[in-house]
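Dear colleague,

Here is the structure I said I would pass on. My notes on the ligand site and the overall fold follow below it.

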Amino acid sequence: MRERIKTFSNLNLTLENLYNNGLLLMSGESGNPMTIGWGTVGIVWHKSIFTILVRPSRYSFKLIEELPEFTINVPTPELKKEVAYCGAYSGRDVNKIEKCNFHLGRSNHISVPYIKECPIHYECKIVNKNDIINSELDKNIISKYYTQGDFHSVYFGEILGVYKEK
Ligand SMILES: Cc1cc2nc3c(=O)[nH]c(=O)nc-3n(C[C@H](O)[C@H](O)[C@H](O)COP(=O)(O)O)c2cc1C
């Protein structure tokens with residue numbers, strides 16, 4: 001059973017995961033998990049916003065473009081192997097839910113599911129999209145992260161609810 005918690009009550013844990021092994025972004029109605037290491041959480045338009053960066057080459061990009069919603073799943077340290085797997089393989093080629101033996105839960109606000117094995121999840125609806133623009137970006141960042149192009153799209157997800165396993 002999951003209970004709703006205050007939006008920012010587990011922010012430290014969320015950001016620590018983002019910085020270390022990564023969080024699991026889920027997109028698509030049947031759920032494709034992708035590891036993310038970049039993102040921000042804050043307030044915009046008087047809304048709580050989870051911002052994610054997704055490169056167009058990702059299968060998740062296609063899924064998000066088709067259905068502008070996502071869940072962010074906060075893994076336990078025991079899921080380190082699964083998180084690495086979801087960051088190395090594409091849902092285009094494999095069913096990562098089956099490979100990782102994840103079970104899906106029905107979200108309260110959106111049609112993208114959450115991962116039951118992750119004890120905290122955020123439910124987000126996309127309210128804005130921007131693209132990282134080459135000409136506006138610091139040259140050092142371009143040479144470090146964008147030698148192949150594939151500039152990220154930046155999605156602003158309104159956080160509709162955060163839930164935690166009881
Ligand atoms: C620790 C880690 C963090 C990552 N962060 C991101 C990210 O923030 N944005 C992104 O587009 N890809 C990121 N990736 C790469 C994707 O997770 C990877 O390409 C994945 O296989 C894409 O899955 P998909 O094709 O099923 O969407 C990260 C990978 C790892 C291992």
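The model is predicted. I start with the elements that surround the ligand. Three of them each supply at least two residues of the shell: β3 (32–36), β5 (47–54) and α2 (59–66). The largest share comes from β3, which gives 4 residues.

In total, 21 residues lie around the ligand, and those that come nearest are Gly 37, Leu 53, Ser 60, Ser 90 and Gly 91. Sorted by class, the shell holds 9 nonpolar, 9 polar and 3 charged residues.

- Gly 91, with a polar backbone atom at 2.7 Å from a ligand oxygen
- Thr 35, where a backbone N or O atom is 2.8 Å from a ligand oxygen
- Tyr 59, where the distance from a backbone N or O atom to a ligand oxygen is 3.0 Å

As for burial, the ligand on its own would expose 650 Å², and the protein buries 81% of that area. The space that the ligand takes is also the largest pocket.

Now the chain as a whole. Its secondary structure consists of 5 helices and 10 strands. The C-alpha atoms fill a box of roughly 50 × 40 × 30 Å along the principal axes. The radius of gyration is 15 Å, and a compact globule of 166 residues would have a value near 15 Å, so the chain agrees with that expectation.

Regards

How values were computed
Residues are numbered from 1 along each chain as its sequence is written. This is a predicted model: local features need pLDDT of at least 70, side-chain atom pairs count only at pLDDT 80 or more; totals for chains, interfaces and linings use all residues. Side-chain values use heavy atoms; hydrogens and water are left out. A residue is near a molecule or strand if one of its heavy atoms lies within 4 Å of it. A polar contact is a pair of N or O atoms within 3.5 Å; within protein, one must be able to donate a hydrogen and the other to accept it, and residues adjacent in sequence count only if both atoms are side-chain atoms. Accessible areas come from the Shrake-Rupley method with a 1.4 Å probe; for residues, only the protein chains shown count as cover. On a 1 Å grid over the protein atoms alone, a cavity is a set of points where a 1.4 Å probe fits but cannot get out, and a pocket is an open set with protein on both sides within 12 Å along at least five of seven lines; lining residues have an atom within 4 Å of a point. A molecule sits in a cavity or pocket if more than half of its atoms lie within 2 Å of its grid points. Ala, Val, Leu, Ile, Met, Phe, Trp, Tyr, Cys and Pro count as nonpolar, Asp, Glu, Lys and Arg as charged, and the others, Gly among them, as polar. The radius of gyration is taken over C-alpha atoms; the globule rule is 2.2 Å times the number of residues to the power 0.38.
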